[in-house]
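Dear colleague,

Please find below the structure that I am handing over to you, together with its sequence.

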Amino acid sequence: LENIKNMTLHLFYKEWLKTRWAAFFVSLVGLAIVVYIFLDVDNNVRMKGSFNYLMSVFYGMPQANYYNALIKYVPLLIGVCIGLSQYVPEVLDKRIKLTLHLPLRNTMALYTMLCYGFLLLILSYGVVFGTFFYLNNSYFPFEESWAVLTSMMPWLLGGIAAYFMIAMIAMEPNLFYQFIYALVAYYLVKQFYIGVEHADTRHIIPALAIMAFVPCTALLYTSYRFMKGER
């Protein structure tokens, strides 16, 4: 058990060396977008008054949607950047074969990598969207922040789905299958972004969550094909 723990920590450290700059960059971009959004909110509050601006956000025709356009694709950017930085070097430089020769079961090694990437994704979400909701609560009541979180949940799940799909595509040894998976990834991730802006998303979040985590299990199939050396 001690050996497994040490190898897991070493594997986490190896993944950290690959992904740290990508995670730092996308988190910085996300934070910059959040700061820009609330500088605009602060300017509107000063120009229109807090009550008038709050009414325009809640009851305006159309509503003053202060966050949609800029922050919508930040979760997708985070998922794609972390996924590419973690898996593309492994496959292009054939490093994954070294990982699979560790004295760990191959499935455990791969899912340790996946677990690391997922945790880094959640950490990046926490930095960016934790800051967003902290600032949001400074200007709006908690109920509005909860409604915003509900409306953002499909986008957050979309970033997770994109990360898992990149892992699945990277581990697929056949170029034709990679192309098919890329098409599936496009249409899958599209479901998290098209038509959800003005919809009540509460009833579809469980279904979207299942869709987001399906590629995580499908990685078993592509990694098995990779480890068998199929072409």
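I begin with Arg202, which is exposed, with a relative accessible area of 58%. Here buried means under 20% relative accessible area, exposed over 50%, and partly exposed in between, with a 1.4 Å probe and protein chains only. Arg202 lies in the loop between α8 and α9. Its C-alpha atom is separated by 6.6 Å from that of Thr150, although the two residues are 52 apart along the chain.

Please note that this is a predicted model, in which local features need pLDDT of at least 70 and side-chain atom pairs count only at pLDDT 80 or more, while totals for chains, interfaces and linings use all residues. Residues are numbered from 1 along each chain as its sequence is written, and side-chain values use heavy atoms, with hydrogens and water left out.

Overall organisation

The protein chain has nine helices and zero strands, and its pattern along the sequence is α-α-α-α-α-α-α-α-α. These elements are DSSP runs numbered from the N terminus (helices: H or I, at least four residues; strands: E, at least two). Of the 231 residues, 44% count as buried. The accessible surface of the chain comes to about 12600 Å², and carbon and sulfur atoms account for 70% of that area; accessible areas come from the Shrake-Rupley method with a 1.4 Å probe, and for residues only the protein chains shown count as cover. Among contacts (heavy atoms within 4.5 Å) with a separation of 6 or more, 82% are between residues 24 or more positions apart.

Nonpolar core

A nonpolar core is a set of buried Ala, Val, Leu, Ile, Met, Phe, Trp, Tyr and Cys residues joined through side-chain atoms within 4.5 Å. The largest one has 57 residues, of which Ile37, Tyr66, Tyr67, Ile71, Phe129, Phe132 and Met152 touch the most other members. Two or more residues come from each of α1 (2–48), α2 (50–59), α4 (74–92), α6 (106–139), α7 (142–171), α8 and α9 (205–227). Helix α7 gives the most to this core, with 15 residues. Neighbours within four places in sequence aside, Ile37 is in contact with Tyr66, Tyr67, Leu70, Ile71 and Phe132.

Aromatic pairs

There are 15 aromatic pairs in the structure. Rings of Phe, Tyr and Trp (its six-membered ring) pair if their centres lie within 6.5 Å; planes under 30 degrees apart count as stacked, over 60 as edge-to-face and the rest as tilted. The pair of Tyr73 and Tyr193 is stacked, because the ring centres are 5.2 Å apart and the planes stand at 15°. This pair links distant parts of the chain, 120 residues apart: Tyr73 is in the loop between α3 (68–71) and α4, and Tyr193 in the loop between α8 and α9. Tyr73 is partly exposed at 42% relative accessible area, whereas Tyr193 is buried at 3%. Phe176 and Tyr177 form a tilted pair, with 6.2 Å from centre to centre and 45° between the planes.

Nonpolar surface patch

Phe176 and Tyr177 also belong to a nonpolar patch on the surface, together with Phe179, Ile180, Leu183, Val184, Tyr186, Tyr187 and Tyr221, with about 930 Å² of accessible area together. Patches are made of residues with over 30% relative accessible area and no salt bridge, like charges being joined within 9 Å and nonpolar side chains (Val, Leu, Ile, Met, Phe, Trp, Tyr) within 5 Å. Helix α8 (residues 175–190) gives the most to the patch, with eight residues. Phe176 is exposed, with a relative accessible area of 53%, and Tyr177 is partly exposed at 32%.

Salt bridges

The structure holds three salt bridges, each being a side-chain nitrogen of Lys or Arg within 4 Å of a carboxyl oxygen of Asp or Glu. Glu15, buried at 0% relative accessibility, meets Lys14 at 2.8 Å, N to O, and Lys18 at 3.0 Å between the closest N and O atoms. Lys14 is partly exposed at 27%, and Lys18 is buried at 16%. The side chains of Arg46 and Asp42 also meet in a salt bridge, at 2.7 Å, N to O. Because these two residues are four apart in helix α1, about one helical turn separates them. Arg46 is exposed, at 66% relative accessibility.

With kind regards
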